[in-house]
Amino acid sequence: MATIPSTILHNLFYFPCRKGPRHSFSTCHASFSYTHKISAKSSAVAFNGGRAFYKQTDSQKSVIPFRLFGPSSRFLQMDSMETSSSGDISVKSASAESGSTSTVSQTVSGIVHLIVSLGIILATDKILKKAFVAAAIKFPSALFGMFCIFSVLVILDSTVPAAATGLMNFFEPALLFIQRWLPLFYVPSLVVLPLSVKDIPAASGIKICFIIVGGWLATLCVAGYTAITVRKIVKTEMTDAEPMGKPSPFSPIEVWTWTGIFLVSFVSSLFYPTMLGTSARTCLPFLLASTVLGYMVGSGLPSEVKKVFHPIICCAVSADLAALAFGYLSRSGLDPVLGYYLTKVATNPGAGDVLMGFLGSVILSFAFSMFKQRKLVKRHAAEIFTSVMVSTIFSLYSTALVGRLVGLEPSLTISILPRCITVALALSIVSLFEGTNASLTAAVVVVTGLVGANFVQAMLDKLRFRDPIARGIATASSAHGLGTAALSAKEPEALPFCAIAYALNGIFGSLLCSVPAVRESLIAVVG
């Protein structure tokens with residue numbers, strides 16, 4: 001709001017006229033309403049609803065409200081105190097109404113923008129997936145799409161920079177949505193974990209846990225020390241990274257909305273088990289709502305509690321409790337309800353199928369995050385690419401070797417090979433092998449991320465990794481997205497390197513395992 005000096009206002013608009021009835025300046029061409037004497041206090045002059053403030057001295061006995069260009073008015077039209085007051089009220093009322101209308105329109109526009117941008121990403125993923133299946137191509141379709149998007153952005157940036165910027169801005173709502181709900185897309189494998197491990201012997205389960213914890217620590221060390229070694233060789237100075245947007249926190253309205261969906265759908269499913277055609281579809285709303293509510297509650301827990309009870313664990317427990325309650329009340333038992341949660345049938349999806357349907361879009365979103373940090377990737381290419389390649393190769397082959405040494409069944413060992421790669425690409429990798437357990441793969445990947453999320457910062461301090469590049473790369477290479485989220489929450493300077501390594505680790509692992517010779521060598525190591 002502009003402030004106009006009192007002397008200028010006084011010289012321009014003060015008219016020494018004789019006061020007429022009702023304290024108005026009736027004998028002037030431009031009349032002004034009179035107020036009582038105010039000593040050295042701020043007063044206001046209205047400019048079509050706006051106000052310019054100035055100090056009134058003892059010698060000035062009137063405030064001069066006037067309207068420059070209003071409805072049915074002349075320039076500096078004469079106005080009484082009552083008319084001026086009512087004018088101010090009407091202007092404020094009109095401003096409030098226009099502000100309210102503007103807020104509603106912006107909200108609607110934002111929702112439409114989100115639906116369109118996210119819809120395009122999801123549709124692209126589905127189209128590519130169908131095309132690759134029809135062509136019998138085993139290479140991950142989402143990874144191909146990511147390369148295409150990244151290439152388009154790079155080409156546009158070199159030819160028409162404004163178009164690249166516009167494309168990034170257009171998909172920004174979708175990218176923030178994916179970032180906000182990313183942990184939810186990992187949850188289904190944990191929810192159905194009781195079904196996944198049912199046929200796995202206890203001794204094998206202990207061996208898998210040993211590989212998860214030991215493998216995470218070993219990969220963390222390898223990635224971190226590799227990054228530090230390369231940093232000492234190249235001696236590249238660090239520069240500020242591009243700022244990364246953060247999603248908004250959950251509002252009470254969202255919590256209450258999902259609570260209402262849960263209650264209504266839970267009760268409806270009890271009385272009408274096949275209301276939506278099948279049991280899986282009927283149970284989908286309340287199982288999805290219980291998962292979302294668990295995530296919202298877990299995200300709001302104190303940071304000290306989160307170290308022990310991660311939001312993803314809260315998420316999985318919430319969904320399992322809902323499934324247990326429904327199984328008990330409907331007398332169907334827990335296992336059938338968990339089967340409804342993740343059916344893996346496109347024509348009869350469950351809540352888990354809906355959530356995991358976003359995994360492809362996560363991979364496509366890597367293209368935008370990598371493009372945004374392209375300058376950083378180029379500047380620190382030696383540290384980033386060397387560390388990612390070394391740690392990925394080490395993770396795959398060390399898992400295969402240790403699995404053989406501890407006597408783990410070959411099929412289980414192959415299933416947990418991509419333990420340090422994000423779920424979306426880990427599932428694509430194990431699909432390249434025969435006789436694997438995809439549910440176990442997803443569960444192991446998530447558990448590895450949880451281990452990293454809880455202990456990564458303390459372990460990095462123990463290992464004396466001070467450099468943000470080394471800390472970020474080591475975290476993402478060993479604990480993918482969950483470790484990245486945990487570290488970046490307290491060390492935002494490491495976030496860009498986490499995000500880059502997180503994406504490149506999965507990309508390089510997928511490319512590596514797409515080579516038949518590499519797959520055969522891994523199988524040979526496993527035995």
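Me: What should I keep in mind about the numbering and the model?
Reply: Residues are numbered from 1 along each chain as its sequence is written. The model is predicted, so local features need pLDDT of at least 70, side-chain atom pairs count only at pLDDT 80 or more, totals for chains, interfaces and linings use all residues, and side-chain values use heavy atoms, with hydrogens and water left out.

Me: How many helices and strands does the protein chain have, and what makes a run count as one?
Reply: The chain comes to 22 helices and 2 strands. Helices are DSSP runs of H or I with at least four residues, strands are runs of E with at least two, and both are numbered from the N terminus.

Me: Why is Thr291 called buried?
Reply: Buried means under 20% relative accessible area, exposed means over 50%, and partly exposed is in between (1.4 Å probe, protein chains only). Thr291 sits at 0%, so buried it is. Its place is in helix H9, and, neighbours within four places in sequence aside, Thr291 is in contact (heavy atoms within 4.5 Å) with Leu184, Val187, Cys315, Ala319, Tyr341 and Leu355. Across the 527 residues of the chain, 44% count as buried.

Me: And what makes Phe144 partly exposed?
Reply: Phe144 has a relative accessible area of 36%, which lands between the 20% and 50% cut-offs. You'll find Phe144 in helix H3 (residues 141-159). Not counting residues up to four places away in sequence, Phe144 touches Leu128, Phe132 and Phe139. Phe144 and Leu128 are 16 residues apart in sequence and 8.4 Å apart in space, C-alpha to C-alpha.

Me: How do you know that Arg331 is exposed?
Reply: Arg331 comes in at 77% relative accessibility, and over 50% is exposed. Arg331 is in the loop between H11 and H12, and its phi is near 60°, a positive value in a residue other than glycine.

Me: What about Arg464, buried or exposed?
Reply: Exposed, at 65%. Arg464 is in the loop between helix H19 (438-462) and helix H20 (468-490), and phi of Arg464 is also positive, near 60°.

Me: Which residues of H12 are buried, and how do you know that they line one face?
Reply: Val337, Leu338 and Tyr341 are the buried residues of helix H12 (residues 334-341). Seen down the axis of H12, they fall within an arc of 100°, so they line one face of the helix. The arc is that of the directions from the helix axis to the C-beta atoms. Those buried residues pack against several helices, among them H9 (279-299) and H11 (311-330).

Me: Why are H16 and H21 called oblique?
Reply: Helix H16 (residues 381-405) and helix H21 (residues 495-513) pack at about 50°, with axes 9 Å apart. Angles under 35 degrees count as roughly parallel, over 145 as roughly antiparallel, 65 to 115 as roughly perpendicular and the rest as oblique. H16 and H21 are therefore oblique to each other.

Me: What makes H3 oblique to H21?
Reply: H3 and H21 pack at an angle of about 120°, with their axes 11 Å apart. That angle makes H3 oblique to H21. Leu143, Met146 and Phe147 in H3 meet Ile507, Ser510 and Leu511 in H21.

Technical notes
Axes fitted to C-alpha atoms, helices over the stretch in contact; angles between N-to-C directions.
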